[in-house]
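Here are my notes on the model you sent over, written as numbered points. Keep the structure open next to them and look up each residue as you go.

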Amino acid sequence: MSELAIGDHAATNATVRLAATGDSAAFARLVDLHHAAMARVAYTVCGDAELARDATQQAWEIAWRRLAGLRDHGQVRSWLVAIAANEARQAVRRRRSRPIVDLSERLDIAPGADPADRIGTVDLARALAHLNPDDRALIALRYVAGLDATEIASGLRMSPSGVRSRLARLLQRLRTELDHA
Amino acid sequence: MHDPMTFERRLADALEQYNVGAPVQVDSAALASELAARSRGRGPLRLQWPSRTVRLVLVAGLLALAVVSGLIAAGMWPDRSPLVEQTQGRLMVWMPTSSGSGTTYMYNSAGDLQWTRQIGSRGCPRLLADGLMAMGDFGRIRIETDAGVHVQDLDVSYAGGERWAPDGRAVALVDMEDGPVTVVRFGIDSTPYDLAGAIEAVVSNGGERVVVAVRTGDGADLHLLDGRDTLVYRHPSPAESGLSLALAPDGSRVAVVDSGPNGEPQVTVVSLPDGNAITTGPSVEPGVEFYPISWSPDGSTLALRYGSGVYLYDAAGNTWRDSGMYFHTYVETSRWLVPRAGPLGLAMLGGNHLDVYRDGNAEPTRLVGDGPFGIWPDRMRVASLENIDPASTRAKLSVHVGTFEISADGDDLGGRVATLPADHPPISSDGQLRPCLNWMP
């Protein structure tokens with residue numbers, strides 16, 4: 001491990017420790033560091049910016065209350081994005097009138113993408129749209145937040161092997177749908 | 001054809017592109033200040049006396065608790081725990097191999113290994129009261145007892161779609177292609193019924209009553225098989241809609257769940273054998289995937305999984321309510337459990353792990369994980385296989401067999417844990433050859 005990494009780790013721990021005591025400046029630093037990842041995860045699950053904003057806000061409120069109970073300060077990122085994913089799932093559940101979100105419409109207007117790649121992406125998005133919020137949360141934590149199976153398992157109250165097998169099933173399902181797209 | 005790494009990269013790329021619309025902007029200082037202000041606004045923790053009504057309820061509850069404790073101490077209150085002790089169970093674990101054979105490990109209810117034997121079977125063998133049954137091809141069943149081995153050929157071209165009685169003493173074989181439904185009551189008889197178009201069946205204990213759904217042009221007909229074949233109810237249902245059945249524990253009613261005209265979940269409770277029916281359903285938005293229903297052990301309540309929630313139907317009051325449970329994770333199977341003490345609690349099981357939920361409590365209690373499980377007929381204990389070496393996916397697995405008792409609070413009260421011999425056959429990690437287990441009181 002490099003000195004820089006050790007320094008980053010120590011700084012993170014210090015920030016979390018301060019924030020856990022109610023230091024709003026330290027908490028604001030955590031927001032700066034992790035809000036974007038949490039918002040992306042929530043958006044992937046919700047498919048709706050307003051809903052994702054509410055879910056992320058709710059996640060920060062929970063984080064504020066529970067930060068003192070976080071034992072491993074080095075895991076703060078995975079802890080936060082897992083809270084955001086859970087809140088997003090709850091938000092979707094509360095608003096059942098929109099159980100499936102068509103991602104493809106958004107991707108069709110996404111600027112800057114190579115048209116050749118975009119076709120495949122649109123197909124992929126259509127396949128993603130058929131997943132339920134729980135499965136989307138899993139996909140979001142793995143491929144948007146970049147968590148590994150152990151971190152996801154901790155956040156979603158699953159076993160690491162359960163996460164791996166379910167992710168494998170999800171990927172297989174997506175592949176199958178893409179083969180028929 | 002998709003390369004796995006390429007596919008995962010494409011998935012990540014697509015998500016990154018999609019998340020351009022995510023609300024990533026935030027005023028961090030304002031957010032932190034607001035949260036801090038809210039926290040301060042709550043003020044210091046102050047203890048307050050509850051209202052007069054709450055105080056009265058608390059006092060009454062304490063008095064009732066004292067009275068009940070006294071009754072239990074005096075032996076006047078029916079204690080349910082002896083039921084657990086009286087259940088003499090056998091637990092069978094079958095470890096399949098790719099060749100269709102497998103190794104059977106038989107335990108007693110205390111977790112002691114009784115014997116081991118190689119048994120070929122198409123799918124898991126089943127325990128019988130006096131032996132076990134293995135299913136072969138072409139509807140051939142093989143029954144092993146202490147008296148010897150009995151092989152019986154059934155009058156079906158293909159034995160598929162087995163639907164078992166809860167007590168394991170009967171099975172209905174539904175031939176999805178040609179239609180005949182064969183009801184096998186072990187040690188009693190085997191009766192074929194000519195029912196072309198059968199799509200689903202449920203079997204009561206001992207096979208005394210079997211209800212079969214037969215697809216028609218504009219719905220499904222429900223047939224009651226009890227030695228005779230009686231059409232009891234014509235169920236209107238969209239042709240493309242799936243359908244599942246649940247038979248009440250006493251066999252007096254069958255519940256049909258499918259999608260209504262607008263995609264909403266629709267539950268029809270049909271009395272047997274008169275065919276009187278009530279169609280109902282929870283008030284939820286249509287279009288969410290729903291799962292099969294199940295009756296509570298006392299037959300008073302139906303549980304319907306819909307989306308990520310569970311809805312409860314009071315059969316006597318004809319009312320629905322949201323249980324408040326929320327399934328955080330993927331669920332393959334759900335069952336009711338009866339807590340060891342206290343009021344009837346609702347518990348559901350998840351796939352690849354076992355989570356117990358209580359009615360009104362959204363947070364589950366995780367008891368075991370990483371393996372198949374089975375529920376004992378008394379619905380108070382759970383047997384589970386647990387892989388304790390998940391890293392060695394293609395090596396031999398180490399498997400624990402344990403029984404778990406469920407308390408009123410959904411807690412694991414513990415149980416005997418045994419370990420399978422280390423020389424059991426290897427199992428591949430493709431998910432197709434999973435160990436299975438079942439039980440017999």
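1. Let's start with helix H3 of chain A, residues 49-66. Its 18 residues reach 25 Å from the first C-alpha to the last, close to the 26 Å expected at 1.5 Å a residue; the expected span is 1.5 Å times one less than the number of residues. Helices here are DSSP runs (H or I, at least four residues) and strands are too (E, at least two), numbered from the N terminus.

2. A word on ground rules: this is a predicted model, where local features need pLDDT of at least 70 and side-chain atom pairs count only at pLDDT 80 or more, while totals for chains, interfaces and linings use all residues. Residues are numbered from 1 along each chain as its sequence is written, chains are lettered from A and ligands numbered from 1 in the order in which they are written, and side-chain values use heavy atoms, with hydrogens and water left out.

3. What caps the N-terminal end of H3(A)? Asp48(A) does, with a side-chain oxygen 2.9 Å from the backbone nitrogen of Glu50(A). Among the buried residues of H3(A) are Leu51(A), Ala55(A), Trp60(A) and Trp64(A). Buried means under 20% relative accessible area, exposed over 50%, and partly exposed in between (1.4 Å probe, protein chains only).

4. Zooming out, chain A comes to 9 helices and 0 strands. Of its 181 residues, 51% count as buried. Contact means heavy atoms within 4.5 Å, and among chain A contacts with a separation of 6 or more, residues 24 or more positions apart account for 66%.

5. Which residues have the most contacts inside the largest nonpolar core? They are Phe27(A), Trp60(A) and Ile139(A), in a core of 61 residues. The largest share of this core, 12 residues, comes from helix H2 (residues 24-46) of chain A. A nonpolar core is a set of buried Ala, Val, Leu, Ile, Met, Phe, Trp, Tyr and Cys residues joined through side-chain atoms within 4.5 Å. Leaving out residues up to four places away in sequence, Phe27(A) touches partners including Trp60(A) and Trp64(A), as well as Ala32(B) and Leu35(B).

6. On to chain B, where 4 strands form an open antiparallel sheet in the order E12-E13-E14-E15. Strands E12 (198-203) and E15 (229-236) stand at the edges with a single partner strand each, so one side of each has no neighbour in the sheet. Two strands pair if DSSP finds at least two bridges between them; E12(B) and E13(B), residues 210-216, have 5. Val202(B) stands opposite Val211(B) in E13(B).

7. Ala172(B) sits in strand E9, residues 170-174 of chain B. Is this residue buried or exposed? Ala172(B) is buried, because its relative accessible area is 0%. The C-alpha atoms of Ala172(B) and Val203(B) are separated by 6.9 Å, although the two residues are 31 apart along the chain.

8. Strand E22 of chain B (residues 309-314) is mostly covered, with 5 of its 6 residues buried. E22(B) pairs with strand E21 (residues 301-306) in the antiparallel sense over 6 bridges, and Ala303(B) stands opposite Leu312(B).

9. Finally, two backbone details to check. The peptide bond from Leu272(B) to Pro273(B) is cis, with omega near 5°, and Pro273(B) lies in the loop between strands E18 and E19 of chain B. Asn318(B), in the loop between E22 and E23 of chain B, has a positive phi near 55° without being a glycine. Asn318(B) counts as partly exposed because its relative accessibility is 39%.

Key. A polar contact is a pair of N or O atoms within 3.5 Å; within protein, one must be able to donate a hydrogen and the other to accept it, and residues adjacent in sequence count only if both atoms are side-chain atoms.
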